[in-house]
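Good morning, and thank you for coming. I would like to take you through one structure, and I ask you to keep it in view while I speak.

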Amino acid sequence: MGSEGFYQEFEVFSKRTDTSPLQYQFSLLAPNRELALVMAQENFMRREPVADIWVVKRSDIRKMSLDEKQSLQRLDNKDYRTTKGYGYLKKKWRHYEQEMLDENEILSWGGLKKSE
Amino acid sequence: MSEATLYQEWTDEQKYAHFMKRIEVGEKIEADDWMPEDYRMTLIKLISMHGISEIMGALPEKEWVPKAPSLKRKLGIMAKVQDEMGHGQLLLRVAEDLMKPLGRTREDIMQDLFSGRLKFHNVFHMEAPTWGDAGLIGWLVDGAAIITQTNMLNASYGPYARALKRICAEEVFHAQHGEAIIMALAEGTEKQKVMVQDAVNRWWEALLMFFGPGDASTTGTSKQDITIKYKIRTKTNEDLRQDFFTKYIPRVLSLGLTLPDETMYFDQEKNLWVYKQPDWNKFKNIIKNNGPKSNERLSLRRTAYDTNKWVREALNTAN
């Protein structure tokens, strides 16, 4: 079972709103993609708001083996890649009587113009 | 065991030790992961029974869809019936992925149901003759289901835990839907009050049975120990029954209803409810499909399955 027949396996993903990331929901059995979409809505979206639904045939997904998953574990030595490794700058900026431009500050810069 | 060797080269003993270590630290086991045979078989039995019970459980309630007393009540109970079928589909998926290495599919689950090899919950073999029963199923049967299902929200098997999270969220609506019906009746006319009390009396024994016997001495087998050992659940059947009493008995009494067990009381010292045991022989008989509605509901399910066979054939791309 899986790639043909009435009971084919599909994995369901959905987005709650236009801006939210795609989230895994669950799997279902359906004879084709169109019915898989209909069933995805009936099975998993009876109440919650939803902006988009994707169905993917399970046989098209390459999953990781346990060995491969174990290779994903990281050593905790990546400070140089993250803002955590540069936190000391806050203190240094204080010396120059300036606020540090941190992630919160920088990501707040989009949007409206000053005059608006 | 050496971490340098590939997992697929490990012996079964090494894999078992690794499996137990994973569940000890709270890691979730996934469908494609190695698992001990008794873990797989226990899960298949538990989850296929749970899934098929959701589907069979929709049948006593769907009887009340055409007879609901108002449009609002009809919409409410229709939504609940649809949820139960949805829960059935979720759970069958979980069971099917576990059965896949054994070459078994949904078709086998349905055939096992029809042949009596796969059992469904004792409560769904019972009659629901009045609107009071429809309310009581939502309030107390779903209440009992919430007690057993929340006990497995952290189950070591990831797909089951995730399915239960979705299901329990909807069960909250079901319980409140049932409460709304029961409270309207309990605050209504004398006739309505009698209707609720009759429903409580009718369902009491089935509700006690819902959690299963206290130990294996009653029915010969019990999966309690193995499900606790493998962290599928944490509490015993009796723990869950006691939790149910503690949560629901004060509420039942507060509505002016009485319990059909006059001997029942709460033993403060032992911190336990003392109650009259249901007839466990009757329980064994009911789950062997000898309950009052077992055959009627099974035949309804079989007819639906047979009548829709042409749809499965028409859409079968393997043909």
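Predicted model: local features only at pLDDT ≥ 70, side-chain atom pairs only at ≥ 80, totals over all residues.

Let us start with chain A. Its domain assignment gives domain 1, residues 8–59, and domain 2, residues 78–107. Taken over C-alpha atoms, the centres of domain 1 and domain 2 of chain A are separated by 41 Å.

In which order do the three strands of the open sheet in chain A lie? The order is β2-β1-β3, and the pairing is antiparallel. Strands β2 (23–30) and β3 (52–57) of chain A stand at the edges with a single partner strand each, so one side of each has no neighbour in the sheet. From one strand to the next, the twist averages 30 degrees.

The two pairings can be taken in turn. Strand β1 of chain A, residues 8–15, is joined to β2(A) by seven bridges in the antiparallel sense. Within this pairing, F10(A) has L28(A) of β2(A) opposite. On β3(A), the antiparallel pairing with β1(A) runs over six bridges. Here K15(A) is placed opposite D52(A) of β3(A). As a general point for reading such a sheet, side chains in a regular strand alternate between the two faces.

I turn now to chain B and its helices. Two packed helices are described by the angle between their axes and the distance between those axes.

The pair to consider at the outset is helix α2 (residues 37–62) of chain B with α3(B); their axes come within 8 Å and cross at roughly 160 degrees. An angle over 145 degrees counts as roughly antiparallel, and α2(B) is therefore roughly antiparallel to α3(B). The crossing of α2(B) past α3(B) is left-handed. The contact of α2(B) with α3(B) comprises 15 nonpolar, six polar and six charged residues.

Helix α3(B) also packs on helix α6 (residues 158–186) of chain B, with axes that come within 10 Å and cross at roughly 165 degrees. That angle makes α3(B) roughly antiparallel to α6(B). This crossing, too, is left-handed. Among the residues of α3(B) that meet α6(B) are K80(B), D83(B), H87(B) and L90(B); the residues on the α6(B) side include R166(B), I167(B), E170(B) and H174(B). By class, the contact of α3(B) with α6(B) has seven nonpolar, four polar and five charged residues.

How are helices α5 (residues 131–150) and α10 (residues 237–254) of chain B arranged? They pack at an angle of about 130 degrees, with their axes 10 Å apart. The two helices are therefore oblique to each other, and α5(B) passes α10(B) in a right-handed crossing. From α5(B), the residues L140(B), G143(B), A144(B), I147(B) and T148(B) meet L240(B), D243(B), F244(B) and Y248(B) of α10(B). These residues divide into six nonpolar, two polar and one charged.

Finally, I come to the contact between the chains. Here 17 residues of chain B are in contact with 16 residues of chain A. Which helix supplies the largest share of the chain B side? It is helix α3 (residues 71–99) of chain B, with five residues. By class, the chain B side has five nonpolar, seven polar and five charged residues. Thank you for your attention.

Key: Residues numbered from 1 in each chain as written. Chains lettered and ligands numbered in written order. Contact = placed C-beta atoms within 7 Å. Helix = DSSP H or I, 4+ residues; strand = E, 2+ residues; numbered from the N terminus. Nonpolar A, V, L, I, M, F, W, Y, C, P; charged D, E, K, R; others polar. Axes fitted to C-alpha atoms, helices over the stretch in contact; angles between N-to-C directions. Parallel < 35°, antiparallel > 145°, perpendicular 65-115°, else oblique. Left-handed = near helix turned anticlockwise from the far one by under 90°. Pairing = 2+ DSSP bridges. Domains from an automatic or database assignment.
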